[in-house]
Amino acid sequence: MIRTLRPIYFGYYMWTNITMMAKPHVFFPVFRLFYSIHHVVSFFTTGTWALVHGDWEPYVVRGVVIWLTSDIYVYSINTYRAIDPQNVNKDVFQKLQLGA
């Protein structure tokens, strides 16, 4: 599983970083700032772990899977907000954010 997950994880982060650098106007400024910092720190941390320890232990793999799938939820919230920012139901949006 690790032979499949590691390239997906690192490829996803590299693609996102390159996309944010190539098309910064597509992202909200706060989103771009947070994810730029988040992805650099995450990439450095997990990359260092992979270099020092070699294979990822099962608990690390589970953590990475949870980490990556949580992005689906966060991106769904951001999509909801981006569709029509002036008419977003603030109460619904705050409840969605509490779940994140």
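Colleague: What volume does the largest pocket have, and what makes a space a pocket?

Modeller: The largest pocket has a volume of about 190 Å³, the volume being the space filled by probe spheres set on grid points joined across faces, edges and corners. On a 1 Å grid over the protein atoms alone, where a 1.4 Å probe fits, a pocket is an open set of points with protein on both sides within 12 Å along at least five of seven lines. This is a predicted model, in which local features need pLDDT of at least 70, side-chain atom pairs count only at pLDDT 80 or more, and totals for chains, interfaces and linings use all residues. Residues are numbered from 1 along each chain as its sequence is written, and side-chain values use heavy atoms, without hydrogens and water.

Colleague: Why is the pair of F34 and Y35 called edge-to-face?

Modeller: Ring centres must lie within 6.5 Å to pair, and planes over 60 degrees apart count as edge-to-face. The centres of F34 and Y35 are 5.0 Å apart and their planes stand at 90°, so the pair is edge-to-face.

Colleague: Why does Y35 count as buried, and what does F34 count as?

Modeller: Buried means under 20% relative accessible area, exposed over 50%, and partly exposed in between (1.4 Å probe, protein chains only). Y35 has 5% relative accessibility and therefore counts as buried, whereas F34, at 47%, counts as partly exposed.

Notes:
Rings of Phe, Tyr and Trp (its six-membered ring) pair if their centres lie within 6.5 Å; planes under 30 degrees apart count as stacked, over 60 as edge-to-face and the rest as tilted. On a 1 Å grid over the protein atoms alone, a cavity is a set of points where a 1.4 Å probe fits but cannot get out, and a pocket is an open set with protein on both sides within 12 Å along at least five of seven lines; lining residues have an atom within 4 Å of a point.
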